[in-house]
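This report describes the structure shown below. It covers domains, a helix, strand pairing and a chain contact.

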Amino acid sequence: MRRRAIGVVLSLMFALVAAFGQSGGELKFFVHSDPKTFDPLAVVDDASETIRYLTGGVLLRVNRRTQQAEPELATAWTIARDGRSITFNLRDHIYYSDGSPFSAEDVAYTMQRLMDPALHSPTGDSFRSGSGAVHTKVDSATRVTITFPEPVAGLDKLFDQVAIVSSHSNNKERAALGPFYIADYKPDSYVLLRRNPNYWRRDAAGRQLPYLDSVRLGIQPNRDIEMMSFRRGEIDLINWLDSEYFERLAAQSPGLVHDAGPGLDSEQMWFNQAPNAPIPAYKRAWFRSTNFRRAVSAAINRADLSRVVYGGHAQPAAGPVSPANHFWFNARLRAPAYDPSGALRILQQEGFRLQGTTLLDREGHAVEFSIITNAGNKPRERMATMVQQDLGKIGINVHVVTLDFASLLDRITGSYNYEGALLGMANTDLDPNEQMNLWLSSADNHQWNPRQKSPETAWEAEIDRLMKEQAASLEPVTRKACFDRVQEIAVEQQPFIFLVYKNALSAVSATVANASPVVLRPQTYWNIETLSLRVQTASKH
Amino acid sequence: MRRIRQLAWLLLGVVALSSLGAGLWAPADYAMQFREAPNSPPSHEHLLGTDDLGRDRFSRVLYGTRISLLMAPLAALLSTLLATLVGGVAGYLGGWCERAAMGATDLFLSMPWLFLLLAVRAMLPLNVAPTTSVAVTFLLLGVLGWAASARVLCAGVRGLRNSEFVLQARASGLHGWRLLAVHVLPNLKPVLLAQFWIAIPVFIITEANLGILGLGVSEPLPSWGSLLREMESFASFGFEAWKLVPLVLLVLVVSSFQIVLSRDEVAA
């Protein structure tokens with residue numbers, strides 16, 4: 001009886017360890033460059049962003065699984081009806097990693113630094129809503145109100161990117177409120193983060209988080225070496241895998257790879273419609289024809305692109321927002337069906353005719369254009385070659401041209417000396433306000449026809465109006481309706497021919513417990529506090 | 001050695017005939033995408049499997065060999081001719097002419113060609129047919145690849161210029177271009193051939209590298225360079241040995257050329 005009781009107690013202990021993970025250990029993974037800064041308010045690169053995520057304490061955090069804002073250093077927040085101010089109630093008795101106390105003064109100091117034009121903070125730019133200063137009023141040690149000159153749409157979720165910095169610590173950049181602090185940095189080699197001894201969060205059993213003792217971020221730009229290091233068990237996770245590596249790893253160790261489904265990033269092509277572009281007038285006329293763009297779109301086999309280029313780890317794209325973006329995705333939209341015969345019918349309505357295997361326009365010009373993409377990006381090169389074959393079936397002769405990225409950018413943004421382009425869109429933010437620079441006809445990144453003095457087409461004018469309306473509105477329903485319509489216009493007019501949404505692919509070692517990869521960045525370590533390392537008899541996999 | 005030489009000739013003959021007759025015995029068009037079977041292993045339908053887009057690798061190797069075997073030697077010939085012109089004249093005339101020519105050669109070698117090639121590519125028109133891209137690529141390689149050979153040839157001509165038989169020819173009244181053509185250049189043949197053969201694999205590999213920068217042979221046309229790009233990712237190397245066929249072919253062909261050449265050199 002006594003033995004049985006001891007057995008039950010031991011079993012329970014093992015179960016608890018399994019349920020809550022094991023404390024201790026060092027998680028290792030790679031970032032692909034040296035961090036450009038340790039200042040969490042001046043982050044501009046991926047490596048610095050990784051460090052900010054792991055060390056920065058934020059007022060609220062967008063849960064990467066639910067995509068909802070959740071309390072962190074703030075226990076609650078209220079946005080004023082006019083949308084210009086937000087009030088935070090803060091946690092009490094919170095300390096930085098260096099032992100200094102956290103208070104509302106730190107929030108005020110952070111906002112003052114963040115909005116300082118001299119800092120050139122991309123995070124700060126998200127909050128700029130009009131001319132005038134941002135005011136922060138400290139109501140008490142645990143209550144602070146921030147007021148902006150104009151309403152800021154989606155205001156609360158923007159604070160997910162704002163790591164609070166200490167107003168009085170001697171080492172402001174390294175005094176952390178997040179789960180880890182920066183302990184060591186060796187350029188070109190590694191950044192070592194150690195567990196913040198004063199981290200405020202505890203697990204359900206009351207144990208202080210994080211479970212890990214440290215995180216070692218190796219600096220390794222080469223993806224092949226990253227892959228080999230993972231296979232040798234030298235690193236514990238790969239946050240982003242391309243489909244080729246994913247398949248190879250899956251063939252060897254299917255349990256270690258994770259396909260979280262369509263991510264936020266899309267791949268698309270477009271035609272140059274800029275009036276001052278040095279291309280023949282008859283080609284510009286094709287590119288400006290909605291029916292021509294629709295026909296090209298219908299003649300591209302997106303299912304094949306997803307299956308052949310991405311090994312099935314991508315989805316045919318309908319519009320600018322992928323289903324990964326739960327709130328803003330327009331579920332009514334469907335990816336255009338592959339229909340070369342339908343494409344030819346549309347073209348015939350526009351005056352094009354097929355002569356032998358060559359498509360001719362109304363004036364007898366053979367339909368022929370080039371698609372540029374960046375050299376060295378294999379998936380894009382492959383997609384362009386597949387598009388070349390697909391369009392060949394309706395008599396269109398496509399030349400695939402791969403260029404180094406600098407030349408490509410110069411053509412797209414400077415000289416406009418190109419006909420078609422195939423590139424991707426990396427979305428890091430869920431809110432459509434982040435895409436203002438893409439959709440407004442006056443914007444620099446309005447790729448197909450940038451910097452218009454006034455909208456050149458009725459549908460672009462409509463998009464301008466809708467984007468401004470959603471940005472000015474504080475009602476989520478109104479904003480959603482506006483942006484849904486923008487997406488519909490984009491699909492109707494096909495200024496961008498969206499091709500695929502790439503899946504979020506990652507790999508996590510079997511030694512890591514509680515990992516649950518998601519589509520939003522950082523896919524694998526978004527729940528870093530609760531990750532732990534299992535003790536394994538054999539560490540290789 | 002004789003048997004090895006015969007084997008080399010045989011291999012070169014088989015490769016040349018196979019590639020020239022690619023249209024006859026290639027099982028598929030080099031651009032045809034069998035999208036249901038991308039990256040498939042060797043089979044009856046696809047002797048060397050298929051590439052990332054489902055294109056028959058065997059057919060692409062045949063057509064790619066034709067392009068590379070034709071264009072790389074042409075580019076090598078062009079660069080060797082230019083090198084002979086610059087290096088030969090400089091070495092033969094000597095003095096300030098040699099110093100000026102070798103100074104220009106050094107300047108040429110020190111140029112950041114990678115960036116210049118990128119600039120050249122940026123200036124080229126985009127609507128270029130794949131066949132034109134092949135010609136442009138190898139023409140550029142030929143025009144830019146002469147400098148290192150020119151130094152070697154200059155040194156060779158300088159040595160011949162001061163040799164006893166040339167001095168004797170000169171004493172017999174032979175001068176100028178005739179002396180160069182009759183006595184100097186024939187004795188340079190081994191050096192010229194070596195420079196020519198060395199340039200071929202170098203140009204093939206360079207063409208592959210230029211492809212990564214967007215300057216190589218454009219899709220869907222295959223070349224050894226574009227076929228070698230399949231091995232860019234060494235993570236994939238060990239799993240699919242049949243992807244090594246273009247590399248093996250390149251090594252075999254270049255080695256065969258060298259073996260055949262060694263006999264020619266002996267004869268020379």
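## Domains of chain A

The C-alpha centres of domain 1 of chain A and domain 2 of chain A lie 34 Å apart. Domain 1 of chain A spans 21–259 + 505–533, and domain 2 of chain A spans 262–502; these bounds come from an automatic or database domain assignment. To the contact between them, domain 1 of chain A gives 13 residues and domain 2 of chain A gives 19 residues, where two residues are in contact if their C-beta atoms, placed from the backbone, lie within 7 Å.

On the side of domain 1 of chain A that touches domain 2 of chain A, helix H7 (residues 243–252) of chain A supplies the largest share, three residues. Helices (H or I, at least four residues) and strands (E, at least two) are DSSP runs, numbered from the N terminus. That side of domain 1 of chain A consists of five nonpolar, four polar and four charged residues. Here Ala, Val, Leu, Ile, Met, Phe, Trp, Tyr, Cys and Pro count as nonpolar, Asp, Glu, Lys and Arg as charged, and the others, Gly among them, as polar.

## Basis of the model

This is a predicted model, in which local features need pLDDT of at least 70, side-chain atom pairs count only at pLDDT 80 or more, and totals for chains, interfaces and linings use all residues. Residues are numbered from 1 along each chain as its sequence is written, while chains are lettered from A and ligands numbered from 1 in the order in which they are written.

## Helix H2 of chain A

Helix H2 (residues 46–55) of chain A is largely enclosed by the rest of the structure, because eight of its 10 residues are buried. A residue is buried if 20 or more other C-beta atoms, placed from the backbone, lie within 10 Å of its own. Among the buried residues of H2(A) are Ser48(A), Glu49(A), Arg52(A) and Tyr53(A). The packing partners of the buried residues are strands E1 (26–31), E8 (180–186), E9 (190–195) and E10 (214–219) of chain A.

## Strand pairing around E5

Strand E5 (residues 85–90) of chain A runs antiparallel to strand E4 (residues 74–79) of chain A, joined by five bridges; pairing requires at least two DSSP bridges between two strands. Thr87(A) is the bridge partner of Thr78(A). Five residues lie between the strands of this hairpin, where Gly83(A) has a positive phi near 75°.

E5(A) also pairs in the antiparallel sense with strand E7 (residues 143–147) of chain A, over five bridges. There, Thr87(A) stands opposite Thr145(A).

## Contact between chains A and B

Chain A contributes 26 residues to the contact and chain B contributes 22 residues. Helix H5 (residues 113–123) of chain B provides the largest share of chain B's side, three residues. By class, that side of chain B has 11 nonpolar, seven polar and four charged residues.

Note on methods: Buried ≥ 20, exposed ≤ 12 C-beta atoms within 10 Å, placed from the backbone.
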